[in-house]
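Please keep the sequence and the structure in view while reading.

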Amino acid sequence: MLLSQPIDDFRLAYDRHGDPAGSPVLLLHGWPGDRTDHAAVAERLAGTGYDVVVPDLRGFGQSDKHDRDPSEYYRAPAQARSVAGLLDELGVSAAVVGGYDIGGRVGLQLAVDRPDLARALVVTPPAPGVGRRVLDEHPIREFWYQSFHQLELARELIDGDVSRARAYLKHFWSHWSGPDYTVDDERLDHLAAVYGAPGAFVASIGWYRAASGMVARALAETEPDPADRIAVPTTFLWPEHDPLFPRAWSDRLDAFFADVTVVPVDGVGHFVPVEAPGVFADTIAAVAA
């Protein structure tokens, strides 16, 4: 594990695998996970000569976790600043950026703010274009946790308690995954230790407290002018069994991206890099080639 130079007083913990002279790849994790979500993806890519950088985002894993205004320090632009700072520090540019969940959103932000750092994106939902469909009966039942994360009760009930963090995270890793995946005790114990440290859970939900969650973003989004669509070529790996993001929600991506492809990933749920690391790695390699 290495630590970056601070951006906004936040250092990112990261791993670097493979050949530093190889084609660069950046892998970004989601909630509720950390950089180890991409372990199998990184191993595959590093073994075939890629330069693979895998950080913990601000407030996650072993990265810094400051109790600060989420709207300033934990939103997508702030997360992307830290990631950009890490890549600049390492002398990496024109990387293929792979991300799922929050990591995908940060990747999209990086493509907007620093397109020199991202030559292609391979991400999973969430995606823009959902709009008010996020308030339909089924989605609103699934996104309850984003409202809960706004409450001080989230800190009082979970923060600093490893056993409660484990129980809370187990729900999502079980409910959001596909039918053939079962999260093992070793993984849950690792995530519980990371999220259960004092201040860690609150830092991890800073994203949602900054109105960066799916519901807030979907209700606030507007279609950009065609000239302002994300220009970096983007591939969405859209899983079959993610209860949060039905495939029907991929119908308006062309309004937000200049070059976008949707690849269905059958048999898996929300955690595509964990459930189907071969698919994730192979797609990145194909895009890089």
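Predicted model: local features only at pLDDT ≥ 70, side-chain atom pairs only at ≥ 80, totals over all residues.

## A buried phenylalanine and its surroundings

F143 has a relative accessibility of 2% and therefore counts as buried, since the cut-off for buried is under 20%. F143 is placed in the loop that runs between α5 (137–142) and α6 (144–148). When neighbours within four places in sequence are set aside, F143 is in contact with V134, M214, V215, L244, F245 and W249. F143 and I102 are separated by 41 residues in sequence, and their C-alpha atoms are 14 Å apart in space.

F256 belongs to the loop between β7 (234–239) and β8 (260–265). Its relative accessibility is 8%, so F256 is also counted as buried. Neighbours within four places aside, the contacts of F256 are P128, G129, E221, T222, E223, P224, R229 and I230. F256 and D228 lie 28 residues apart in sequence, with a C-alpha to C-alpha distance of 8.1 Å.

## The nonpolar cores

Which residues touch the most other members of the largest nonpolar core? This core has 69 residues, and the residues in question are W31, F143, Y145, Y168, W173 and Y195. The helix that gives the most to this core is α3 (residues 76–90), with 7 residues. Apart from this core lies another one, of 20 residues, which includes V25, A42, V96 and A281.

Not counting residues up to four places away in sequence, Y145 touches W31, Y168, F172, W176, Y208 and L244.

## Packing of helices

Two packed helices are described by the angle between their axes and the distance between the axes.

| Helix pair | Angle between axes | Distance between axes |
|---|---|---|
| α8 (residues 162–175) and α9 (residues 185–196) | about 125° | 8 Å |
| α3 and α4 (residues 102–113) | roughly 70° | within 9 Å |
| α1 (residues 39–46) and α14 (residues 277–288) | roughly 45° | within 9 Å |

On the side of α8, the contact involves V162, A165, R166, L169, K170 and W173, while α9 contributes D185, R187, L188, D189, L191, A192, A193, Y195 and G196. Sorted by class, the contact of α8 with α9 holds 9 nonpolar, 1 polar and 5 charged residues. W173 of α8 and Y195 of α9 take part in this contact, and both are named above among the residues of the largest core that touch the most other members.

How are α3 and α4 oriented relative to each other? Their axes cross at roughly 70°, and the two helices are therefore roughly perpendicular. In α3, the residues A76, P77, Q79, A80, V83, A84 and L87 meet V106, Q109, L110 and D113 of α4. The residues of this contact comprise 8 nonpolar, 2 polar and 1 charged.

For α1 and α14, the axes cross at roughly 45°, which makes α1 oblique to α14. The crossing of α1 and α14 is right-handed. The contact is formed by A40, V41, R44 and L45 from α1 together with P277, G278, F280, A281, I284 and A285 from α14. By class, the contact of α1 with α14 has 8 nonpolar, 1 polar and 1 charged residues.

## Backbone features in loops

W31 and P32 are joined by a cis peptide bond, with omega of about 5°. P32 is situated in the loop between β3 (24–28) and α1. Another cis peptide bond links P125 and P126, where omega is about 20°. P126 is in the loop between β6 (118–123) and α5.

Two aspartates have a positive phi. D8, although not a glycine, has a phi of about 55°. D8 is located in the loop between β1 (2–3) and β2 (13–18), and with 31% relative accessibility it counts as partly exposed. For D101, phi is near 55°, again a positive value in a residue other than glycine. D101 occupies the loop between β5 (95–99) and α4. Is D101 buried or exposed? Its relative accessible area is 4%, so D101 is buried.

Terms used:
Residues numbered from 1 in each chain as written. Heavy atoms only, no water. Core = buried A, V, L, I, M, F, W, Y, C linked by side-chain atoms within 4.5 Å. Buried < 20%, exposed > 50% of the residue type's maximum accessible area, 1.4 Å probe, protein only. Helix = DSSP H or I, 4+ residues; strand = E, 2+ residues; numbered from the N terminus. Contact = heavy atoms within 4.5 Å. Axes fitted to C-alpha atoms, helices over the stretch in contact; angles between N-to-C directions. Nonpolar A, V, L, I, M, F, W, Y, C, P; charged D, E, K, R; others polar. Parallel < 35°, antiparallel > 145°, perpendicular 65-115°, else oblique. Left-handed = near helix turned anticlockwise from the far one by under 90°.
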